[in-house]
Amino acid sequence: MKPSSLTQSMSWLHTWGGLIFGWLLFAIFLTGTLAVFDKEIDVWMQPEAPVSHVDQAQAAEHAISYLQRHHGAESAWDISLPTARSPVLSVSTGERRRNAPRQYLDPNTGEPIDIRETAGGRFFFLFHFTLHMPRNIGIWLVGLAAVGMLVALFSSLIIHKKFFKEFFTFRPNKGQRSWLDAHNATGVLVLPFHLMITYTGLVIFSLIYMPAAVDALFDGDREAAFGPGQPAKTEQQAAQGARNGRSQNEGRGEGSGELVALTPLQPLLLQAEQALGEVRSVSISHPGRSDARIEMRPVLGNRIELSKGLSMTFAGVSGEVLKMPEQSRWAQLTQRVLSGLHFAQFGGYPMRWLYFICGMASCAMIATGLVLFTVKRRRRPEAEGPIAAQLYHLAERLNISVIAGLSIACAAYLWGNRLLPAELSQRGAWEVRVFFACWALSLLHACCRERTQAWREQLVCAAALCVCMPLLSLATMTRPWAEPIRAYLELSTVACGALFAFAAWRIGQKKPAPAPRRQSRNVSQELLNAD
Amino acid sequence: MLIEFFAGLLLVYAGMVALCLGLKRHFKSVWQREPSVTWCRTFRVCGWLLLALGFAACIASWGWAQGPVGWMGQVSLAGLALVLLMPYRPRLATLLPLLGLPFLLSALLLA
């Protein structure tokens, strides 16, 4: 091989690194972008949940009275309150566990209601970093892809020679040149977001990817490294709670079962709101006993710092504050702010939309890059030998099934929520199966059809699924838009559908005959002269 | 908060338009004539000033911690919108901030 310049070798790295990780990155970015609205998708996928007309304090009172009536003997209650993003009120009992069965209540009346089982918007969130793979395989793959993304971003800075000169340049209808322009524009203009989201994504799992420092300095003890780490603490509390609960039940058995009334929650909620911001959940340990504890946790989005595990504790009977929320230590704060930047829970809906559209721009950047790879090699696929030709052929198919096919799968996942029978057991798992089945079908379709046909048909399919979402709701629900969040979500899918339809229409258009290479060079020369 | 948000969006978009017109090629594509050096320089200064004003609006909207994050997002997306609109409707892309102004003013008066 002849020695090549830095630009050439970086260009090679960018092309092949980008191609190999591009498909994976597109899937990660698209599901991550959708996960920005995970709670809203949850609300849409639980259409039985009624609109909440009451404030949190009233909903909490309803939940307490339900729990007193039905679960008075339990040692712990957990109430998840309706918030600005989600009107759902639910309770669970027993020691606090992630997957405890939840009972949904009507926040307006406190009556129990049945809500269909669903994997919800949480599926997009989980897929985004686990790829639906067991153990930590997915997390490692995603980490690898993120490093690949950083490599692609930094190499692009070296190979993009006219970074500022072509800052605002997009020349449509010029074939390969347009794809490159679009790739550059989405890459350059949204570069701060690309860098931030990729780097902070790695920071979230820094302890999985690089455990050495904490292992060496603190013997792997996260709590020692980062101050009172949350997971260890809840386990301790749970164990303690279990012990106390047992002794309490024994105490009751001896006949001293006098129930002590809980303090009203409203003033406590106000206090917690002042200290923490909007409250998401209330857990009560030992309800009915004189040493009852009330713990309130905020929603994640009241500050940039990811406030997972932040809480404020009150005495259950007197209502006095026992524990104010802790301040994070500097190292922990740094990690949590970086994670918070990635989780995008702060800044309300305007910020959420900025993150969503920036995420879409990232998807577009990756997609245009992938398409550009194949467009460049379409003219003379045989030039680099039969194996390369096979590879390019495969790349075309994968592009179709990753870019268009994944969009179909995401839309089909939402359709599955409405169309699968409500009484199906393991319903959430079936929704996920619908997602993967549609994705696999799209790959099959992409392999069977001619390239342009496959692109157009799959984009039309995605467009139809998105645009018809309101009709689906209308056909399957009685009052589909009673909760405005559902109406907004469907408006958004219609907008996405319009974009897919536009893309399909552009592919359907008769292209200008591809100019031979020499001529296109003349054209660009003319442009340069014109400058 | 919403008014500051949209004010910020309008300001940073206007800023990006000004920076864009500060480049010869784009000035020509909009006004069909060569810009003088003074014009280019004026546009660039105005562009940065407008971006700074947009920054102030973001701080007013989100505070000092979250404001810069929002500003970055707004600048990126305003730039992207401008780039996509420019080749199809160059005049509209440049004059869009002026069209947005009455909406913003009426919102301010109503608030």
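In chain A, strand S1 (residues 76-80) and S2(A) run antiparallel, joined by 4 bridges. Here Asp78(A) sits across from Ser92(A) in S2(A). Please keep in mind that this is a predicted model.

On to the next pairing: S2(A) and strand S3 (residues 103-105) of chain A are also antiparallel, with 3 bridges between them. Ser90(A) has Tyr104(A) in S3(A) as its bridge partner. Strand S2 (residues 89-93) of chain A is mostly covered, with 4 of its 5 residues buried.

## Salt bridges

Counting over all chains, the structure holds 17 salt bridges. One of them pairs Glu295(A) with Arg297(A), whose closest N and O atoms are 3.2 Å apart; both residues are buried.

Another brings together the side chains of Glu305(A) and Arg336(A), at 3.7 Å from N to O. This pair links distant parts of the chain, 31 residues apart: Glu305(A) lies in the loop between strand S6 (293-298) and strand S7 (312-315) of chain A, and Arg336(A) in helix H13 (residues 330-343) of chain A. Glu305(A) counts as buried because its relative accessibility is 8%, and Arg336(A) is buried too, with a relative accessible area of 14%.

Arg449(A) and Glu457(A) form a salt bridge with closest N and O atoms 2.4 Å apart. Arg449(A) is partly exposed at 35% relative accessibility, as is Glu457(A) at 29%. Elsewhere, Lys162(A), Glu166(A), Arg171(A), Arg177(A) and Asp181(A) belong to one network of salt bridges that share partners.

## A negative surface patch

On the surface, Asp215(A), Asp219(A), Asp221(A) and Glu223(A) gather in a patch of negative charge. Asp221(A) is in the loop between helix H9 (212-218) and helix H10 (222-226) of chain A. With a relative accessible area of 37%, Asp221(A) is partly exposed.

Technical notes: Residues are numbered from 1 along each chain as its sequence is written. Chains are lettered from A and ligands numbered from 1 in the order in which they are written. This is a predicted model: local features need pLDDT of at least 70, side-chain atom pairs count only at pLDDT 80 or more; totals for chains, interfaces and linings use all residues. Side-chain values use heavy atoms; hydrogens and water are left out. Patches are made of residues with over 30% relative accessible area and no salt bridge: like charges are joined within 9 Å, nonpolar side chains (Val, Leu, Ile, Met, Phe, Trp, Tyr) within 5 Å. Accessible areas come from the Shrake-Rupley method with a 1.4 Å probe; for residues, only the protein chains shown count as cover. A salt bridge is a side-chain nitrogen of Lys or Arg within 4 Å of a carboxyl oxygen of Asp or Glu. Lys and Arg count as positive and Asp and Glu as negative; His and the chain ends are not counted. The place of a charge is taken as NZ of Lys, CZ of Arg, CG of Asp or CD of Glu. Helices (H or I, at least four residues) and strands (E, at least two) are DSSP runs, numbered from the N terminus. Buried means under 20% relative accessible area, exposed over 50%, partly exposed in between (1.4 Å probe, protein chains only). Two strands pair if DSSP finds at least two bridges between them.
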